[in-house]
Amino acid sequence: MSTTDFGAFPAVTGGAYAAPATSEQATAPERPAWSNVKAPDARSQPTAAVAFTNGRRALKVFLANPNALFGTAFLALVIAVALLAPVLYPDDPLSMVGKPFLWPGQDPTFPLGTDSLGRDVLAGILHGSRISLFVGLMATALSLTFGVFVGAIAGYFAGWVDDLLVRLIEIFQTLPSFVLLVVLVAIVQPSATTVTLAIAVISWPTVARLTRAEFRTIREKDFVMAARSLGFGHGRIIFREILPNALPPIIVTSSVMVATAILMESALSFMGLGDPNVVSWGSMIGTGRELVRTAWYLTALPGLAIVFTVLALNLIGDGLNDALNPRFTQDR
Amino acid sequence: MTSLLLQVENLTIGFPRAEPVRNLSFEVRAGETLAIVGESGSGKSLTALALMQLLPRAAAVISGRIIFDDRDLLGLDAREMRHLRGRDIAMIFQEPMTSLNPVMSIGRQIGEVLKAHEKLSGRAARERAIELLKLVRIPAAEKRVDDYPHQLSGGMRQRVMIAMAVACRPKLLIADEPTTALDVTIQAQVLDLLDTLRRELQMAVVLITHDLGVVAQWADRVVVMYAGRKVEQALPGELFNDPLHPYTRGLLSASPRLKHDFHYLEGPLTEISGSIVSAAGEVGCPFRPRCCQARASCGHQVPPLIAQTPDRLVACPFTSSLKAVPDAAHLSL
């Protein structure tokens, strides 16, 4: 029980608190002179001092992280290369253009050499970035959409809906994901689209579980109860109230998911299960594999492209994690 | 007297293994402030949640009726109830620090309420949000409307919560310990604000509190709850001058005296021995294990509410003899 004095509040607010208020206004005359009696707590929070919103603070933390900056810069480079590839090398990168087995630097026309069939390695890597990024981004977008939807429904409604959806997620999780991927691609004709869909099919359960866990926590928060008490519908609560609060870990995961999707596409192409009509980093490694002792650059160069792109995405994920995780940002 | 807005009849709320609210009846008249007082665990908050039909998953209303505006809320389906919440009945919560969505600006949060119940464009909602911020006396409302909750102090956040609750001019506002998390001066302002808004918007307020100081100043009528039952109902003046139930007497003698020259050194604050947990599983009067006036007959059955006057109910058959006890004189305030 608080030690309130029965019926003595007007005296307290009017008398005891008037004196310090005026002395403080004398020291800080630029502050607005609103009625302290109505809201003295407002006075301690001058509007000018609270400049940063959540998003801007997170951006500041992200930009202060050199690793994250490097990742962003490298990813921007890869995206630029992917966009410019048809301009720089308008010809089909799978066509034979020169002497086979030219080492990097041997012929200035082919700065990164040629492979066993005389195809330009640089053109292959540039065009390969298109397929890698397309598959990585599209597969992540698809699995995010579906995974967030399923996870949100399961986590928010709980009960039998949750049981049903969790069983569904578990079915996918018990299957070895890469084997499932190989089977899926083997059943349908391999093309960039089907590979993307197959990768999305095997990666959505991770997102769904993460989203479900977040929703289960946030569902119990006071502001969700307040939203329900204001008569908000389920859709409004899920998408306007809970989802924005659940986003930080999902964003972080998605950057790593892009990296994983690129790796999976490369692995599929390496095994000869990729789209045979387009060049990708994985398929370049796959064709160079037999010659790894005589012409190791054929596997090493596209391999480096994969390594750096995946590294860049992981660094971005790390940076986002630091920037968006409220436990870290609150102290800054 | 004005008409009845809310009528709760024999409300019993049950968890699978316990019944934290039993046979509770009370009514709220249009435009009045009804205070529900009781210690933690007496079932105040559960009652409030039952009024909103927002009981936790495990709990359920076992019996009783909640008649609001001539409609039984327990008979409404989820959709009808959702339309009622926020528009006709609104609620503000104990914790202003966590009751606002941290990633949405307060203006948009107020706008969301308006959009949920009325067809409004984004710009109109924003203007209404600014008006509402002014209504709850937030200074520089035009600037504040884009602030996020973490930029506001506790008192300001509670004001924003109130703005959201009264956005659609509800007929009934349930305030569940609205000032517990705030310090005492802010408490007074927030309650003053609620009282002003009650008059300006002509709504009734159910004020749930454990703070008798709040009751004395802001309530029109008081219901004292103990272990899920109503033990006394009175006008605040009567309650403080002449408490009838032993529990109410105990509560009053456990709070600092009213006289402003009172110093705690002059007399001890008496406590009510035992805890509310001891009421669980009791057959007779739930207060019997802690009551200094308990008699053998108290253990036989739950004492019924006795109406002394229409507005004065007490669930203790021995009130007249208690008054004769000379020791009770120092308890009356």
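Me: Which residues of α4(B) are buried?

Reply: In this predicted model, the buried ones are B:Ala125, B:Arg126, B:Arg128, B:Ala129, B:Leu132 and B:Leu133. They sit on the same side of α4(B), because the arc they cover around the axis is only 165 degrees.

Me: OK, and what covers them?

Reply: The cover includes α3 (106-117), α5 (141-144) and α6 (154-166), which belong to chain B.

Me: How far apart are the end C-alpha atoms of α4(B), and what should the helix span?

Reply: Helix α4 of chain B runs over residues 122-135, and its end C-alpha atoms are 20 Å apart.

Me: What follows α4(B)?

Reply: B:Arg137 does, and its phi is positive, near 60 degrees.

Me: Zooming out, how many helices and strands does chain B have?

Reply: Eleven helices and twelve strands. Chain B has 333 residues, of which 48% count as buried. Among its contacts with a separation of 6 or more, 64% join residues 24 or more positions apart.

Me: Switching to chain A: is A:Thr196 buried or exposed?

Reply: Buried, because it has 23 C-beta neighbours inside 10 Å, and the cut-off is 20 or more. A:Thr196 lies in helix α9 (residues 192-219) of chain A.

Me: And what does A:Thr196 touch?

Reply: Leaving out residues up to four places away in sequence, it touches A:Val135, A:Met138 and A:Ala139. A:Ala139 is 57 residues away along the chain, yet the C-alpha atoms of A:Thr196 and A:Ala139 are separated by 5.0 Å.

Definitions and conventions. Residues numbered from 1 in each chain as written. Chains lettered and ligands numbered in written order. Predicted model: local features only at pLDDT ≥ 70, side-chain atom pairs only at ≥ 80, totals over all residues. Helix = DSSP H or I, 4+ residues; strand = E, 2+ residues; numbered from the N terminus. Expected span 1.5 Å × (residues − 1). Buried ≥ 20, exposed ≤ 12 C-beta atoms within 10 Å, placed from the backbone. Arc of directions from axis to C-beta. Contact = placed C-beta atoms within 7 Å.
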